[in-house]
Amino acid sequence: QMPNFPDAFESERLIIRAPKIEDGLDVWNSIKQSMESLRLWMPWATPELKLHETEESLRQSIADFITRKDLRLHLYLKETGEFIGSSGLHRIDWRVPKFEIGYWLDTKFEGRGYMTEAVERISQFAFKELGARRVEIHCDEENHKSRLVAERVNFELEGILKQNSVALDGNSLRNTCIYAKIE
């Protein structure tokens with residue numbers, strides 16, 4: 001049985017909450033601003049991404065949050081109310097229960113520890129509020145920024161899956177790092 005839990009919580013500097021349809025323009029602008037960096041690692045980050053596609057994605061995310069199929073979370077600065085990125089708990093298996101944390105940050109907010117703070121707090125939320133037994137982070141072996149976040153919040157590198165995925169350019173195979181924290 002899935003636990004009841006809030007759709008918003010906070011860390012020291014962040015408001016972390018479920019998506020809302022009115023987030024569309026902020027999310028779309030943030031993706032456009034960060035496209036150069038995002039398109040290296042995120043298959044959905046394409047220069048052709050339209051606002052209405054972002055809004056459609058938000059609608060699906062809201063529905064998935066309500067049904068507890070996927071828990072996308074938006075990150076806002078407490079101080080200014082600015083949207084800075086997105087994270088969430090994905091590939092949920094409520095039987096274990098286990099979750100995978102995914103994340104991306106608007107490039108203009110990089111280097112300030114926001115994503116490390118968000119991932120730490122979302123991990124706490126998963127373990128304390130959702131009863132998680134296992135939380136994972138999957139990332140490309142070459143995505144050093146993502147790997148640093150996992151390591152800073154004390155996730156253990158359990159293994160590297162060799163030639164596990166096709167590179168976004170479709171021309172080579174990539175390795176995937178599997179980090180995890182258990183309780």
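The model is predicted, so to speak of local features we need pLDDT of at least 70, and side-chain atom pairs count only at pLDDT 80 or more, while totals for chains, interfaces and linings use all residues. Residues are numbered from 1 along each chain as its sequence is written, and side-chain values use heavy atoms, with hydrogens and water left out. The structure holds 10 salt bridges (a side-chain nitrogen of Lys or Arg within 4 Å of a carboxyl oxygen of Asp or Glu). Helices (H or I, at least four residues) and strands (E, at least two) are DSSP runs, numbered from the N terminus.

- Asp106 sits in the loop between strand 5 (98–105) and helix 4 (114–128).
- Asp106 is buried but has no salt bridge; buried means under 20% relative accessible area, exposed over 50%, and partly exposed in between (1.4 Å probe, protein chains only).
- The nearest side chain of opposite charge is Lys108, 4.6 Å away (Lys and Arg count as positive, Asp and Glu as negative; His and the chain ends are not counted).
- What Asp106 does have is a polar contact of 2.7 Å with the side chain of Ser30 (a pair of N or O atoms within 3.5 Å; within protein, one must be able to donate a hydrogen and the other to accept it, and residues adjacent in sequence count only if both atoms are side-chain atoms).
- Its side chain also reaches the backbone nitrogen of Lys108 at 3.0 Å.
- Leaving aside residues up to four places away in sequence, Asp106 touches Ser30, Gln33, Ser34, Ile84 and Gly85 (contact means heavy atoms within 4.5 Å).

**Lys78 and Glu10**

- Lys78 pairs with Glu10 in a salt bridge, with the closest N and O atoms 3.1 Å apart.
- Lys78 is in the loop between strand 3 (71–77) and strand 4 (83–93) and Glu10 in strand 1 (residues 8–10), so the pair ties together parts 68 residues apart in sequence.
- Lys78 is partly exposed at 36% relative accessibility, and Glu10 is partly exposed at 45%.

**Pairs involving strand 6**

- Arg134 and Glu158 form a salt bridge, the closest N and O atoms being 2.5 Å apart.
- Arg134 belongs to strand 6 (residues 134–140) and Glu158 to strand 7 (residues 156–166), so this pair links parts 24 residues apart in sequence.
- Arg134 counts as buried at 19%, whereas Glu158 is partly exposed at 44%.
- Glu136 joins Arg134 and Glu158 in a network of salt bridges.
- Asp140 and Arg174 meet in a salt bridge at 2.8 Å, N to O.
- Asp140 lies in strand 6 and Arg174 in strand 8 (residues 173–182), so parts 34 residues apart in sequence are tied together.
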